[in-house]
Amino acid sequence: MMDLFRAIGLGLVVLLPLANPLTTVALFLALAGNMNRAQRNRQALMASFYVFVIMMVAYYAGQLVMNTFGISIPGLRIAGGLIVAFIGFRMLFPPQKPHEAPEVKSKTEELEDEPDANIAFVPLAMPSTAGPGTIAMIISSASTIRHSTEFPGWVILIAPVLIFAAVSVILWVSLRSSGAIMRLVGKGGIEAISRLMGFLLVCMGVQFIINGVLEIIHTYPAP
């Protein structure tokens, strides 16, 4: 059981900075201002469910996509590292506020015409929570974990589902408690936490690139 808890803890440490539920909370409050309590709770539940589905599809179908398009593991590591590092830089030095993103502006206009519009999938689940960086990280991790000897086979089988479920539950709790979180942390606190997570993502992205380059060197040694 300790191996399972360790795997879940490691997965949450890797995924939560990318998912960044606090940013999604600020986005949720900006978009759901005209909704009643029941509608907000429903959107929170649906967004969490969509995040779980996206992560599961990325984990179990990502390898098939890679094989179909002939993408190697080192190539995925380097590409994923670049995406993660880029997201980290944008969180450290944001060019725009989360509510100013094109997806959010489009959804805001839709909400003005149709107040009951669904905001759960776009932009709350994707790209705010389970965006390109999260998906790239999951696909790359899936390729590594399946050939890992660090954890027993049953842990590798069960842990991903529990990790994705835990991320979804954390997002759901955060969205349900969005008002209290904003009163407690404030916009300044959310920005500070986002910048800290951005720095961690830059470090993770650079390490991904280093691992990909080293894997290429070891796989294709010089003649």
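Visitor: Is the crossing of helix 3 and helix 6 right-handed or left-handed?

Guide: Helix 3 and helix 6 cross in a right-handed way. Left-handed means that the near helix is turned anticlockwise from the far one by less than a right angle, and right-handed means clockwise. One caution: this is a predicted model, where local features need pLDDT of at least 70 and side-chain atom pairs count only at pLDDT 80 or more, while totals for chains, interfaces and linings use all residues. Residues are numbered from 1 along each chain as its sequence is written, and side-chain values use heavy atoms, with hydrogens and water left out.

Visitor: OK. What's the angle there, and how far apart are the axes of helix 3 and helix 6?

Guide: The angle is about 45°, and the axes of helix 3 and helix 6 (residues 120-129) lie 9 Å apart. An axis is a line fitted to C-alpha atoms over the stretch in contact, and angles run from 0 to 180 degrees between N-to-C directions. Helix 3 is therefore oblique to helix 6. The cut-offs are under 35 degrees for roughly parallel, over 145 for roughly antiparallel, 65 to 115 for roughly perpendicular, and oblique for the rest.

Visitor: Which residues of helix 3 and helix 6 meet?

Guide: On the helix 3 side they are Gln 43, Met 46, Ala 47, Tyr 50, Val 51 and Ile 54. Their partners in helix 6 are Ala 120, Phe 121, Leu 124, Ala 125, Met 126 and Thr 129. Contact means heavy atoms within 4.5 Å.

Visitor: Take Gln 43. Buried or exposed?

Guide: Gln 43 counts as buried because its relative accessibility is 5%. Buried is under 20% relative accessible area, exposed is over 50%, and partly exposed is in between (1.4 Å probe, protein chains only). Gln 43 belongs to helix 3, which spans residues 37-69.

Visitor: Then what's the phi of Asn 20?

Guide: Phi of Asn 20 is near 50°, a positive value although Asn 20 is not a glycine. Asn 20 lies in the loop between helix 1 (2-19) and helix 2 (21-31). At a relative accessible area of 4%, Asn 20 is buried.

Visitor: And helix 2, at what angle does it cross helix 8?

Guide: Roughly 40°, with the axes of helix 2 and helix 8 (residues 153-176) coming within 9 Å. Helix 2 passes helix 8 in a right-handed crossing. Pro 21, Thr 24, Val 25 and Phe 28 in helix 2 touch Ile 170, Leu 171, Ser 174 and Leu 175 in helix 8.

Visitor: What does Ser 178 touch?

Guide: Leaving out residues up to four places away in sequence, Ser 178 touches Val 25, Phe 28 and Leu 29. Ser 178 is in helix 9, residues 178-219. Its relative accessible area is 5%, so Ser 178 is buried.

Visitor: New topic. How do helix 4 and helix 7 pack?

Guide: Helix 4 (residues 73-92) and helix 7 (residues 132-145) have axes 9 Å apart, at an angle of about 150°. So helix 4 is roughly antiparallel to helix 7. The crossing of helix 4 past helix 7 is left-handed. Helix 4 brings Ile 73, Leu 76 and Val 84, among others, to this contact, and helix 7 brings residues including Pro 132, Met 137 and Thr 144.

Visitor: How far is the C-alpha of Val 84 from that of Val 206?

Guide: The two C-alpha atoms are 8.5 Å apart, though Val 84 and Val 206 are 122 residues apart along the chain. Val 206 is in helix 9 and, at 40% relative accessibility, is partly exposed.

Visitor: Last one. How many helices and strands does the chain have?

Guide: Nine helices and zero strands. Helices (H or I, at least four residues) and strands (E, at least two) are DSSP runs, numbered from the N terminus. Of the 223 residues, 41% count as buried. Among contacts with a separation of 6 or more, 88% are between residues 24 or more positions apart.
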